Amino acid sequence: MSEACDACGDDVRLAGGIANIWASEPVRTGGMTLEFDDGTEHFLCFECIEALPDAPTAADVEALKG
């Protein structure tokens with residue numbers, strides 16, 4: 001299972017599901033959804049999250065798109 005990063009567009013693996021419970025090497029999620037004060041939500045990979053400034057805004061996410 002995967003989801004596209006809202007900034008770079010890369011497919012990011014998502015953990016979870018019944019198959020991951022019994023796996024000897026569980027899948028780890030490669031990103032997370034950030035919710036901003038303006039009510040927007042963006043799913044970002046960890047690499048893009050690291051590229052954001054401290055106290056980011058939705059505009060900072062838009063600036064990462066390229």
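## Surface and overall make-up

The protein chain has an accessible surface of about 4800 Å², and carbon and sulfur atoms hold 50% of that area. The model described here is predicted. The protein chain has 66 residues, and 24% of them count as buried.

The secondary structure consists of 3 helices and 4 strands. Read from the N terminus, the order of the elements is β-β-α-β-β-α-α. Among contacts in the protein chain with a separation of 6 or more, 26% are between residues 24 or more positions apart.

## A patch of negative charge

Four residues gather on the surface in a patch of negative charge: Asp-10, Asp-11, Glu-47 and Glu-50. Asp-10 sits in the loop that lies between strand 1 (2-4) and strand 2 (11-13). The relative accessible area of Asp-10 is 47%, so this residue is partly exposed. A residue needs over 30% relative accessible area and no salt bridge to be part of a patch.

## A buried histidine

His-42 belongs to strand 4, which covers residues 41-45. Is His-42 buried or exposed? His-42 counts as buried because its relative accessibility is 10%; the cut-off for buried is under 20%.

Which residues does His-42 touch, if residues up to four places away in sequence are not counted? They are Asp-6, Met-32, Thr-33, Leu-34, Phe-36, Ala-58, Val-61 and Glu-62.

## The salt bridge

The structure holds 1 salt bridge. Its partners are Lys-65 and Glu-62, with 3.2 Å between the closest N and O atoms. The cut-off for a salt bridge is 4 Å between a side-chain nitrogen of Lys or Arg and a carboxyl oxygen of Asp or Glu, so a pair within that distance counts.

Both partners can also be described by their accessibility. Lys-65 has a relative accessibility of 37% and therefore counts as partly exposed. Glu-62, with a relative accessible area of 42%, is partly exposed. Glu-62 is also one of the residues that His-42 touches.

Ala-55 is not a glycine, yet its phi is positive, at about 55°. Where does Ala-55 lie? Its place is in the loop between helix 2 (46-51) and helix 3 (58-64). Ala-55 is exposed, because its relative accessible area is 70%, and the cut-off for exposed is over 50%.

Methods
Residues numbered from 1 in each chain as written. Predicted model: local features only at pLDDT ≥ 70, side-chain atom pairs only at ≥ 80, totals over all residues. Heavy atoms only, no water. Patch = residues over 30% accessible without salt bridge, like charges linked within 9 Å, V, L, I, M, F, W, Y side chains within 5 Å. Areas by Shrake-Rupley, 256 points an atom, 1.4 Å probe, with all protein chains shown as cover. Lys, Arg positive; Asp, Glu negative; His and termini not counted. Charge placed at Lys NZ, Arg CZ, Asp CG, Glu CD. Helix = DSSP H or I, 4+ residues; strand = E, 2+ residues; numbered from the N terminus. Buried < 20%, exposed > 50% of the residue type's maximum accessible area, 1.4 Å probe, protein only. Contact = heavy atoms within 4.5 Å.
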